[in-house]
Amino acid sequence: MGALALVSAVGILTDDRILVGVPIWTKPFKFSVSFVAYALSLAWMLSLLPRGRRVGWWAGTVITVASAGEMVLIVLQVIRGKQSHFNQATPFDNAVFQIMGGTVAALWLGALVIAVLLLRARILDRAMAWAVRLSSLIALAGAAVGFLMTTPTPEQLAVDNPPIAGAHAVGVPDGGPSMPLTGWASNGGDLRVPHFFGMHALQLLPLLLLVMASLAPRFTRFADERVRLRLTLTASAAYAATFVLLTWQALRGQALFAPDGATLAGAGAIVLLGGATAALSLRGASPSPSPTPPSPSPTPPSPAPAPSKELMS
């Protein structure tokens with residue numbers, strides 16, 4: 001995937017073909033970079049498993065093969081100058097997209113197996129354990145958003161045997177005005193926004209915990225495992241709520257940077273509740289009590305002097 005990212009970057013610079021409003025090599029570039037981050041994160045998580053490593057190895061292998069197969073098909077269609085996703089213009093294009101659907105399903109099931117293994121694993125650091133578990137579950141939900149994109153739009157359903165069945169955008173056609181770099185629709189909803197945000201919980205939530213651990217020498221509250229656990233749970237809940245909000249926004253045909261009042265109210269509630277919970281998590285931290293020095297032992301009384309000989313005589 002790293003090598004393919006470099007090849008795709010060269011293709012963006014040298015190939016002037018445009019497909020669905022963006023340079024034709026943009027899709028393999030974005031997919032290969034995303035797969036690099038995804039695969040490295042899963043490999044690290046598999047290394048945390050105390051048991052079930054054989055099952056985890058097979059699940060990781062399925063994900064690797066499925067990812068590589070999907071990229072081969074995407075690059076094949078780029079070379080042919082055809083759209084890879086949702087394309088059923090010809091029997092060959094339709095077969096390519098159906099095979100891609102199978103690779104995505106295999107990838108998702110492999111990630112599900114790894115998530116179940118992580119839920120059952122006993123990882124010593126509880127904060128890290130929950131960061132890994134919850135991020136893998138949110139990433140699964142993010143990947144599942146991709147299945148929503150395969151639903152034909154109302155305009156496509158109105159046509160018999162449409163050449164394209166499915167879309168990234170909601171409420172507007174694919175290939176219209178888009179945001180720079182990402183290519184997400186800027187005039188309507190885009191399911192790639194929650195898809196991207198959800199899948200990359202796999203990197204962002206564990207990264208948050210690593211940041212807290214690195215700050216622990218300077219901020220002693222982060223050295224408390226209970227504080228890290230509470231903050232991890234708070235961040236995971238806020239991340240999941242934001243993912244749900246982004247999905248809801250996209251399904252209503254609303255561009256990411258053109259939210260309505262309901263979306264803004266939801267975002268405000270997440271910020272307020274998340275911030276308040278994080279503050280309570282930090283305030284609830286109790287510094288470790290310093291050891292109390294032992295009280296000095298009472299001085300034993302001096303023995304009474306022995307009576308003198310004069311008194312005894």
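Hi everyone, let's start with the surface: the chain has an accessible surface of about 17,700 Å², and 71% of that belongs to carbon and sulfur atoms. Those areas come from the Shrake-Rupley method with a 1.4 Å probe, and for residues only the protein chains shown count as cover.

A quick word on what we are looking at. This is a predicted model, where local features need pLDDT of at least 70 and side-chain atom pairs count only at pLDDT 80 or more, while totals for chains, interfaces and linings use all residues. Residues are numbered from 1 along each chain as its sequence is written, and side-chain values use heavy atoms, with hydrogens and water left out.

Now the overall build. There are eleven helices and four strands in the chain; these are DSSP runs numbered from the N terminus, with helices being H or I of at least four residues and strands E of at least two. The radius of gyration is 29 Å, well over the 20 Å that the globule rule gives for 313 residues, so the chain is more spread out than a compact globule. That radius is taken over C-alpha atoms, and the rule is 2.2 Å times the number of residues to the power 0.38. Along the principal axes, the C-alpha atoms fill a box of roughly 135 × 50 × 35 Å.

Next, the record. An unreviewed UniProt entry lists several stretches as "transmembrane region", including residues 56–79 and 131–149. Positions follow the numbering used here, feature names are shortened, and annotations may be inferred rather than shown by experiment. In the model, residues 56–79 are 100% helix, with end C-alpha atoms 35 Å apart. Residues 131–149 are 95% helix, and their ends are 28 Å apart.

Let's zoom in on leucine 251, which sits in helix 9 (residues 225–251). Buried means under 20%, exposed over 50%, and partly exposed in between (1.4 Å probe, protein chains only). Setting aside neighbours within four places in sequence, leucine 251 is in contact (heavy atoms within 4.5 Å) with Leu148, Val170 and Leu191.

Most residues other than glycine have a negative phi. Valine 20, however, has a positive phi near 50 degrees, and lies in the loop between strand 1 (18–19) and strand 2 (22–23). Leucine 181 has a positive phi near 70 degrees; leucine 181 is exposed, with a relative accessible area of 84%. Thanks, everyone!
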